[in-house]
Amino acid sequence: MRVGLSGLIGAVLAAQAVAASAQELNLYTTREPNLIEPLLASFSESTGVKVNTIFLKDGLAERVEQEGEASPADVLMTVDIGNLVDLVDRGLTQPVESEALAAAIPENLRDKDGNWFALSQRARVLYADKDLDLSSFTYEDLAKPEWQGKVCIRSGQHPYNVALTASYIVHHGEEAAKTWLEGVKANLARTAGGGDRDVARDIMGGICEIGIANSYYVGLMRSGAGGPEQEEWVKAIKVVLPTFEGGGTQVNVSGAAVAKHAPNKDQAVQLLEYLVSDEAQKIYAEANFEYPVKPGVAVSPVIEDIADLNADGTDLTEIARQRKTASELAEAVGFDN
Amino acid sequence: MTPELARSFRLRAGGGWQAAALAVAVLVLLPVLALGLFALRGSPGLWAHLVSNVLPVAARQTVILLLGVGFIVATLGTVTAWLVAACDFPGRRIFGWALLLPLAVPTYIVAYAYLDLLHPVGPVQGAIRGWLGYSSPREFRLPDIRSMPGCILLLGLVLYPYVYLPVRALFAMQAGNLLDAGRTLGAGPVATFLRVAIPLARPAVAIGTALALMEAMNDIGAAEFLGVRTLTVSVYSTWINRSDLPGAAQIALAMLAITMALVMLERRGRKRQRYAAGAQPLRRTRLRGWRAWGATLVCALPVAFGFAAPAWYLVGAAWARYRFAGLSPRILEEAGNTAFFAALATLVALLLGLVVTGAARMRPGRLTQTMARLSTLGYAVPGTILAIGLLPVIALADRQIAAASQALLGVGPGLLLLGSGAALIYAYVARFLAIATGGIEAGLSRVPRSLDHVARTLGRSPGQVFREVHVPISRPALAASGLLIFVDCVKELPATLLLRPLNFETLSTHLYGEAARGTYEDAAIAALIIVAIGILPVMVLARTIRR
């Protein structure tokens, strides 16, 4: 009990100390602790700013919104463009002007008013049975009858797939997207569900031949970070960077914003600037196998085969705006049933 | 008793209990009301979309899931409880507590473990292929566990203790003489079970099944792994993917209304039933030959598949993880946080549960009955959604506290409830109070009113009657509810994630953090400790029941 009690008291004190200290910073994030902690440790070491964190899942925006002006949150960090735009729409962010951020992040990967900044990118790629004779692929191909009973994918309601469908809508319109989703649904080898890595495992298990999943999982599996079994799964597949017809590979981002009522705004900006430094961008690439946002920082050699990313040029906020329609389309075609 | 006497009893039974029960009900009601306010903001076009695209499938899947899980938990829970309480067979004493073990395994862990074990590239199918002489899963593989039957089976296997526990507590308090009477009248063990024990056990079976079904319906982790689309999944996609909290709140509240209507219906069904308790302990029938071994097998199967297999898997995964990454230095502190907050919340929930059921007992009437029903609302809402409803309530309280402190002391404590973890206690109590009220109520239903009257005639105040008669008699029920609440608090994830302070982790949030990248194996150590913490009270409880 003593540990719990001291934890309780410690938490109370920490909460009270929060607003007072000038050399602290409070981070609300939905990103994984294992990934973020090395970045924060290195930030604290070089700046002397201590970072208090809370790792959330759903409801980050709701919590900050309800905490209101008293919110201790300085930096809000999340994945998926939809979540970033959502924070802005709810008025939970504030514009930031920073030359360092503007110089490091290409214009299409940050809000024009400085309300959000992308910190890393991930691509929605194709995992295919390694014996398949396949070197190029389009997202449109997924719906072709030749793949009937051969496709694995996670839930159509998962934010990664919703963003993919939303991109499809931006490219081809809602009607075409619906037809496409129906076609993909008809090709599924099993119920849509599980995680992205299950695509590799199910290909190895003979359940399907191709599937769509995120790029960094390839690196996580290959590197052995997920254990020896996953190294086997990833050996059963090859990875292809698909494109939209007349476009590029669908890309999503992780990113951050400075909270509207941030008590430590200067430190918050300092953290964002650190996160786009060469050093931090390299950690994103090496530890989590994401694509850096900063031009010139290399991707991890572990995913060398998909390093040459031709990112689709669609405006990210445009994709975020189609999210609701995309999610409803997935339900309308019964994608997950 | 004359009407005057009865009235004077009631008058003296004091408004204090009523007021306290009202306060408890309001505490639970506030987050639901907050959801109501969210819902009122409106979500144009939502229901048209739901009716044409979502409800036909989601409602059917939800009903199939609930019927399937309900059948499994009610049957498995009642039969095993009866065997352990009323029969003697090899291993009975061990099964007495071992049958509770699956409780300690969170549903998402069970789902993940079985998916891994039974996957075509997993150990089980690999062994079968080797045995049959196939070399690749392309040549031979078994049906996928990721299906509705798979989901029903797995949820049933870990949720049946919700029925086993109260039913067994009830059999432990039950009139042995009623069962003896049954036997004297010529009924065999099976007939006694079917015609005496089951009707007697109905309140406990109903409570237990209702709890298990609410767990099943609000589950999102296992459903996601196993590809089952319940209405709860629609609540999430409406909220998360469409940023439509009002719409999500509307669906959640509609589900809540249906759940409560069903619970009321069942209660009405046994409204006229009254129970009398006898002090005679149950005499066990010794089973012999194949019957004895059959009983052993029936009790062993759920323990093996609901606990041993996933726990064995976890041990293996935890060991691999330990060799790969060592032990997180923070895990001890996190285990301490988990145990401390779960224990505190359990105590508070039991106390408040006693208040609510006590009031209903002492001042029977529409008002106190309604309070008792309202206090169970939190369990019928998915965890995350309840937590979202709690947010504005807690934030409002925090603002008031801060303003008062500023005015009186001249210092602002910041967000005190959210910053101290007190919000977690509130969340756990609001969510799991249903287990306390349900369990205690089922226990009290065994205490005949004549006992109250006797104690009152002997000059005891209503409060004394409650302390000196009701609480001691329902001790097994209290212990059972306490165990369920504690284990549920230890496993609780969504509210803990959303409402905890900065720099604060419990085992379940640690587990989530490790698993967030999709590798539940990485979280095996935390998961194993969650299971271990859940086992401790099971042992304690086993002793309490036996005494």
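A residue is called buried if 20 or more other C-beta atoms lie within 10 Å of its own, exposed if 12 or fewer, and partly exposed in between, with C-beta atoms placed from the backbone. The model is predicted: local features need pLDDT of at least 70, side-chain atom pairs count only at pLDDT 80 or more, and totals for chains, interfaces and linings use all residues. Residues are numbered from 1 along each chain as its sequence is written, and chains are lettered from A and ligands numbered from 1 in the order in which they are written.

**View 1. Strand β8 of chain A, residues 251–258, is covered on both faces.** Helices (H or I, at least four residues) and strands (E, at least two) are DSSP runs, numbered from the N terminus. On one side of β8(A) lie A:Val251, A:Val253, A:Gly255 and A:Ala257, and on the other A:Asn252, A:Ser254, A:Ala256 and A:Val258, all of them buried. In a regular strand the side chains alternate between the two faces of the sheet. Because 8 of the 8 residues of β8(A) are buried, the strand is largely enclosed by the rest of the structure.

**View 2. β8(A) pairs with β3(A) and with β4(A).** Two strands pair if DSSP finds at least two bridges between them. Strand β3 (residues 75–79) of chain A runs antiparallel to β8(A), with 5 bridges; A:Leu76 has A:Ala257 as its bridge partner. Strand β4 (residues 117–129) of chain A is also antiparallel to β8(A), joined by 6 bridges, and here A:Ala118 stands opposite A:Gly255.

**View 3. A:Asp80 sits in the loop between β3 and α4 of chain A.** Its phi is near 80°, a positive value in a residue other than glycine. A:Asp80 counts as buried because it has 24 C-beta neighbours inside 10 Å.

**View 4. Domain 1 and domain 2 of chain A meet in a contact.** Domain 1 comprises 2–121 + 251–298 and domain 2 comprises 122–250 + 310–332, with bounds from an automatic or database domain assignment. Their C-alpha centres lie 28 Å apart. The contact (C-beta atoms, placed from the backbone, within 7 Å) takes 13 residues from domain 1 and 19 residues from domain 2. On the domain 1 side, α4 (81–89) and β8 of chain A each supply at least two residues.

**View 5. Chain B touches chain A through 60 of its residues, which meet 61 residues of chain A.** Elements of chain B that give two or more residues to this side include α3 (46–86), α15 (331–362) and α17 (383–409). The most, 8 residues, come from α17(B). The chain B side divides into 28 nonpolar, 19 polar and 13 charged residues. Ala, Val, Leu, Ile, Met, Phe, Trp, Tyr, Cys and Pro count as nonpolar, Asp, Glu, Lys and Arg as charged, and the others, Gly among them, as polar.

**View 6. Helix α19 of chain B, residues 422–444, has a kink centred on B:Phe432.** The kink is about 50°, the bend being the angle between axes fitted to the seven residues ending at a residue and the seven starting there. The 23 residues of α19(B) reach 31 Å from first C-alpha to last, close to the 33 Å expected at 1.5 Å a residue; the expected span is 1.5 Å times one less than the number of residues. With 23 of its 23 residues buried, α19(B) is largely enclosed by the rest of the structure.

**View 7. B:Ser243 lies in the loop between α12 and α13 (245–269) of chain B.** B:Ser243 has a positive phi of about 45° although it is not a glycine. It counts as buried, with 20 C-beta neighbours inside 10 Å.

Technical notes
Two residues are in contact if their C-beta atoms, placed from the backbone, lie within 7 Å.
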